[in-house]
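Please read the following points alongside the model, and check each against the coordinates as you go.

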Amino acid sequence: MTKRGCFITFEGGEGAGKSTQIRLLKAELEARGYAVCATREPGGDALAEGIRSLLLSQKMPSRAELLLFLAARAQNVETVVRPHIEAGHIVLCDRFTDSSIAYQGVARGLGRDSVATLNDFATNHLVPDLTLLLDISPEVGLSRQQDKNRMEAEGLDFHQKVRQGFLEEADRDPKRFRVISAEENIESLHAKIVQIVLDVLQS
Ligand code: TYD
């Protein structure tokens, strides 16, 4: 592995199984001797987790919502993600900039390009080395969820726009993205993800 670590983000709609896959991948990479940090957005440290609980419980205007996601991201990047990358670790992040583009930019209608510009400011230009998009139809994904948070309670139309938003980002940046169907079983999805990640780490 190079001296600088590697930054891998997981994206996708509700119920795609990102957190399970991150847990399995972290264990697999650690067993192979890599140092791995797993984090999530919104979240990461105590302040960003505080913003998370506001975001997932309170109704608010879309612009306020976007800025809170971005504040949590700026915090997570500075205090968790960048220090681990600089220490040579692999950072696995459950959601990142593409979620803001798909949810706030596309589904909430704030505009893809405006959100991309604000993402760049919030992250101080940090771009993932690899983004795994776990693609799932909203019908299947939402049916997997039990206690719905504020986003998950949005209608099917909203979640279809989210999916479209992610797929358009993947089309824009095929070098960074790998799109994988999240409708297959946990083990085969895990095996595919391990293969993709090892290829990138060893390239
Ligand atoms: P979470 O319970 O973590 O959902 P999931 O397990 O599907 O990741 O809740 C995070 C919610 O916040 C999820 O509905 C997606 C949404 N979100 C945005 O709308 N914009 C963002 O920038 C981020 C990071 C998340």
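Where is asparagine 124 found?

1. Asparagine 124 is found in the loop between H5 and E4, where helices (H or I, at least four residues) and strands (E, at least two) are DSSP runs numbered from the N terminus. The model is a predicted one, in which local features need pLDDT of at least 70 and side-chain atom pairs count only at pLDDT 80 or more, while totals for chains, interfaces and linings use all residues. Residues are numbered from 1 along each chain as its sequence is written, and side-chain values use heavy atoms, with hydrogens and water left out.

2. Asparagine 124 has a positive phi of about 55° although it is not a glycine, and at 45% relative accessibility it counts as partly exposed (buried means under 20% relative accessible area, exposed over 50%, and partly exposed in between, with a 1.4 Å probe and protein chains only). Histidine 125, which lies in the loop between H5 and E4, has a positive phi of about 75° and is not a glycine; with a relative accessibility of 54%, histidine 125 counts as exposed.

3. A cis peptide bond, with omega at about -5°, joins glutamate 41 and proline 42. Proline 42 sits in the loop that runs between strand E2 (36-40) and H2.

4. Glycine 5 belongs to the segment before strand E1 (6-11) and is buried, its relative accessible area being 5%. Glycine 5 touches Ile85, Gly88, His89 and Asp129, residues up to four places away in sequence not being counted; contact here means heavy atoms within 4.5 Å.

5. Helix H3 (residues 62-86) and helix H4 (residues 97-107) pack with their axes 11 Å apart and at an angle of about 175°; axes are lines fitted to C-alpha atoms, for helices over the stretch in contact, and angles run from 0 to 180 degrees between N-to-C directions. H3 and H4 are therefore roughly antiparallel to each other, given that angles over 145 degrees count as roughly antiparallel, under 35 as roughly parallel, 65 to 115 as roughly perpendicular and the rest as oblique. On the H3 side the contact is made by Glu65, Leu66, Phe69 and Arg73, and on the H4 side by Thr97, Ser100 and Gln104. By class, this contact has two nonpolar, three polar and two charged residues, where Ala, Val, Leu, Ile, Met, Phe, Trp, Tyr, Cys and Pro count as nonpolar, Asp, Glu, Lys and Arg as charged, and the others, Gly among them, as polar.

6. The largest pocket holds about 630 Å³ of space. On a 1 Å grid over the protein atoms alone, a pocket is an open set of points with protein on both sides within 12 Å along at least five of seven lines, a cavity is a set where a 1.4 Å probe fits but cannot get out, and lining residues have an atom within 4 Å of a point. Grid points are joined across faces, edges and corners, and a volume is the space filled by probe spheres set on the points. Among the 32 residues lining the largest pocket, Glu14, Lys18, Asp94, Arg95 and Glu152 are the closest to its centre, and the lining divides into nine nonpolar, twelve polar and eleven charged residues.

7. The second largest pocket, with about 230 Å³ of space, is lined by 16 residues, of which Thr97, Asp98, Ile101, Val127 and Arg176 lie nearest its centre. Helix H5 (112-123) provides the largest share of this lining, five residues, and the lining comprises six nonpolar, three polar and seven charged residues.

8. The structure holds one cavity of 30 Å³ or more, and the largest cavity has a volume of about 110 Å³. Of its 15 lining residues, Gly13, Glu14, Ile136, His159 and Arg163 are the closest to the centre, while H7 gives the most to the lining, with four residues. Serine 137, in the loop between E4 and H6, is buried at a relative accessible area of 13% and touches Arg163 and Glu183, not counting residues up to four places away in sequence.
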